[in-house]
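Visitor: I would like to learn how to read pockets and salt bridges in a model such as this one. Could you take me through them in turn?

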Amino acid sequence: MQQPDPEQLKQFEDSLSGPLLTPESADYDEVRQLWNAMADKRPAYIVRCQDRADVLASLNFANHYQMEIAVRGAGHNIAGNASCDGGIMIDLSLMTDVEVDAGARRVYVQPGVTLGGLDAATAKHGLVVPTGINSTTGIAGLTLGGGFGWLTRRFGMTVDSLVGAEVVTVEGGIVYASADEEPDLFWALRGGGGNFGIVTRFDFEAYPLADQVLAGLLVFPLEQAESILKQYREQVIDSPLECNAWVVMRHAPPLPFLEESVHGTKVVILALCCTGDIEEGKAWAAKLEAFGSPVGTHVGPMPFDQWQQAFDPLLAPGARNYWKTHNFTELSDEMITVAVDFAEQLPGPECEVFFGLIAGKANTVATDATAWPCRDAKVVMNVHARWQEPTHDGSCIDWARALFRASEPYASGGAYVNFMTDDEGGRVEDAYRENYARLKAVKRRFDPHNRLHLNQNIQPD
Ligand SMILES: Cc1cc2nc3c(=O)[nH]c(=O)nc-3n(C[C@H](O)[C@H](O)[C@H](O)COP(=O)(O)OP(=O)(O)OC[C@H]3O[C@@H](n4cnc5c(N)ncnc54)[C@H](O)[C@@H]3O)c2cc1C
């Protein structure tokens, strides 16, 4: 990387609407933090972009000096690619406008918006965009990787609701990608990650959603996990699309509805969300409760955006995290045994194994319709190792890798790039399956020199 001299740096700074930070800036250390404390990087420059012009200027500046480029939405990605050592972080987190056209059911979203910001804006109009389950996650990274959550069964992946995107290209152009304009780029953006340019606006279709959903937790002792997972497989995976339940195996957090004696014990949790008729949701929840003998339940009607924040305290930034993921078209007896065995050996109080249910509308879309290719996946597993002290790195990472390896024979192939760590670059081709060749072709056109390579990288050559 060439270094700009002070005069050139001043010129660049003066051209920006947002602040330019360097390691000497007072807020540098705060702003450079990412969600995953394992990624502790120190960019030479951070541009806190206010608008599209700042993004364009930053990209041109980075190209001129051949700097490493990291692009940051809300900084949640497990791989920590939203920052870099010594290059420039193009930080979009101050670009947080959301515009809702309720009549047209269209939502125009800037790339620094979090899922909570989006939910708050759409809820005012009785609308929703299907995204993920944690309100502080960024819409940008989530959408570019695929995006799934409580509403995926009913409305599909987040990318299935994307209708267009404004993109600043690596070469300094601005293009709009949609089904009609730049359709290859539009296809690639729907799952291909941050490989093709910097998105400065996401345009979504939104869907009507009732004021209240039925949501909450059913908590059972881990001893019942095998039986609960088998009933889950038989009775939940094919249930009405308005109903969703995810399985989490972990140590019980100190939740107020759990007896103190349960706190810290190993449990299996069914986290559920029903977005249809509340009474039908209650009947469905009662059926799930009867899967075993719960040690605590907390289910009731609430606004959807409130439920979206339920897991925020357990997923706060600043901890050390390491993830491993597989997709499944079915949960075999063998797979259930493997998952429960590893849950019995959880290496720490914050580690968990979860199964997120996506079976439904996402499976009705053709594999080659979007870059996200895993249209046969019904369940996504995430092995989520999470801990505080660097001294636990070894035991937590080893546990996650061992469970990943043991479950590989039962997985259905492909992988969710948004759950992949920074040591999984070799898995990218497999993750994209038959869509990889087309992704490479789009990459060759929009980023032939792989300037945007801090991502789950699709190499142009
Ligand atoms: C606590 C937590 C909960 C999660 N829950 C879910 C969930 O329920 N469902 C789900 O699908 N995923 C979930 N995820 C994964 C999430 O989708 C990814 O971490 C995603 O990358 C986060 O987006 P971000 O903008 O916050 O990330 P960042 O780390 O800011 O960005 C990730 C990458 O995306 C690219 N990028 C970001 N913005 C742009 C842009 N505007 N243009 C081009 N490239 C860009 C860059 O390559 C960057 O490295 C969760 C993650 C966390 C940490």
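Guide: We shall go through the pockets, then an annotated region, then the salt bridges. This is a predicted model, in which local features need pLDDT of at least 70 and side-chain atom pairs count only at pLDDT 80 or more, while totals for chains, interfaces and linings use all residues. Residues are numbered from 1 along each chain as its sequence is written, and side-chain values use heavy atoms, with hydrogens and water left out.

Visitor: How much space lies in the largest pocket, and which residues lie nearest its centre?

Guide: On a 1 Å grid over the protein atoms alone, a pocket is an open set of points where a 1.4 Å probe fits, with protein on both sides within 12 Å along at least five of seven lines, and lining residues have an atom within 4 Å of a point. A volume is the space filled by probe spheres set on the points, which are joined across faces, edges and corners. Here the largest pocket holds about 300 Å³, and of its 15 lining residues, Leu217, Leu255, His298, Trp307 and Ala310 lie nearest the centre.

Visitor: Which strands and helices supply the lining of the largest pocket, and which residue classes make it up?

Guide: Helices (H or I, at least four residues) and strands (E, at least two) are DSSP runs numbered from the N terminus. Strand 12 (213-221), strand 15 (296-302) and helix 10 (304-307) each supply at least two lining residues, and strand 12 gives the most, with three. Ala, Val, Leu, Ile, Met, Phe, Trp, Tyr, Cys and Pro count as nonpolar, Asp, Glu, Lys and Arg as charged, and the others, Gly among them, as polar; by this scheme the lining has 12 nonpolar, three polar and no charged residues.

Visitor: Where does the second largest pocket lie?

Guide: With domain bounds taken from an automatic or database domain assignment, the second largest pocket lies between domain 1 (6-91) and domain 2 (98-209 + 434-446), because both give residues to its lining. About 200 Å³ of space lies in this pocket, and its lining, which includes Trp35, Arg72, His76 and Pro317, has four nonpolar, seven polar and one charged residues.

Visitor: What does UniProt place at residues 38-209?

Guide: The unreviewed UniProt entry gives "domain: FAD-binding PCMH-type" for residues 38-209, and such annotations may be inferred rather than shown by experiment. In the model, this stretch is 23% helix and 26% strand, with its end C-alpha atoms 38 Å apart.

Visitor: How many salt bridges does the structure hold?

Guide: Side chains of opposite charge can pair when their charged atoms come close. A salt bridge is a side-chain nitrogen of Lys or Arg within 4 Å of a carboxyl oxygen of Asp or Glu, and the structure holds 24 salt bridges. One of them joins Arg52 and Glu166 at 2.8 Å, N to O; Arg52 lies in helix 3 (residues 52-64) and Glu166 in strand 8 (residues 162-168), so the pair ties together parts that are 114 residues apart in sequence.

Visitor: Is Arg52 buried, exposed or partly exposed, and which of these is Glu166?

Guide: Buried means under 20% relative accessible area, exposed over 50%, and partly exposed in between (1.4 Å probe, protein chains only). Arg52 is partly exposed at 36%, whereas Glu166 is buried at 12%. In another salt bridge, between Asp91 and Arg72, the closest N and O atoms are 3.4 Å apart, and both residues are buried.
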